[in-house]
Amino acid sequence: MKVRINEEWRSMLAEVWDSPEFERLAQYIREEYSRTTVYPPAAQIFSAFDECPFSNVKVVIIGQDPYHGVGQANGLAFSVNPQVELPPSLVNIFKEIENETGKPTPCSGDLTRWARQGVLLINSTLTVRAHTPLSHSQSGWEKVTDAAISSLSAHRKNIVFLLWGAHARRKAALIDQSKHLILEAPHPSPLSAYRGFFGCGHFIKTNQYLNEHGLTEIDW
C-alpha cells in the first residue's frame, strides 16, 4: 500500500505497509475520519516519522496515544501545537528539564524542534477520536509502531530509548540493550510524576550517552 510518509521509513517498514493487517487498519481509520472527529489531522498522522527520518534517530520517546482535545495533537508524542495551553504531562517534562539543566519552560509546547534534532516522538497509537482517550488503541496501530521500534533496535546502534510509564516500559522487550541505552521512569503525568519521574535525570543522562558515542547532544 502506498503510504505518505518519509521515504526512509517507507522502505524500512515496507512489510508493514504491504500487510493485510495494515490494509484493514487503513480502511478503518479512513472510515473514522469520515464519520467522526479524529486527531491529529490526517496529514499529520505520520509527523513523528516525517520530522525524524530513520537515519537521524538518536533518541526515542514513546507516548500512548495523541491528545484528544481540540487543536492539541500534531502527530508528535507529548507535543502540542503552538499557542495551545501546555498539558500537565508536558508541563512536568519541562519542569524536569529545568531542574536538570536550568533551562526555563518555553512558551510553546511544539516539540518539532526536538524531532528535527533526532528525537523520535512516537505514540504507540497514532490516532484518537475527539475527547475519547485510547479509542483507537485496539485498531492495529501498535503493529506499525512496534515494528518501527524493532527496526531501530535491529538496524541502528547507540539510540537512547526513554520509557516513561508502564505502557512505554513494556516496549523494552523490543529493544536490544547490548546496542542501545534504555532509561525508565514513571510517567510524567501529575498522577505519577512525583513517584520518580521528577529527579530521573533522563535529559542529562541522554546527552551524556550521546556525547560518549560521538553524537551531537539534544538542545532540550
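How do the residues of the lining of the largest pocket divide into nonpolar, polar and charged?

A: This is a predicted model, in which local features need pLDDT of at least 70 and side-chain atom pairs count only at pLDDT 80 or more, while totals for chains, interfaces and linings use all residues. Residues are numbered from 1 along each chain as its sequence is written, and side-chain values use heavy atoms, leaving out hydrogens and water.

The lining of the largest pocket divides into 14 nonpolar, eleven polar and one charged residue (Ala, Val, Leu, Ile, Met, Phe, Trp, Tyr, Cys and Pro count as nonpolar, Asp, Glu, Lys and Arg as charged, and the others, Gly among them, as polar). A pocket here is an open set of points on a 1 Å grid over the protein atoms alone, where a 1.4 Å probe fits, with protein on both sides within 12 Å along at least five of seven lines; lining residues have an atom within 4 Å of a point. The volume is about 590 Å³, taken as the space filled by probe spheres set on the points, which are joined across faces, edges and corners. Of the 26 lining residues, Gln-64, Asp-65, Tyr-67, Ser-89 and His-187 lie nearest the centre of this pocket. At least two lining residues each come from β2 (59-63), α5 (88-101) and α8 (165-169), and α8 gives the largest share, four residues. These helices and strands are DSSP runs numbered from the N terminus (helices H or I, at least four residues; strands E, at least two).
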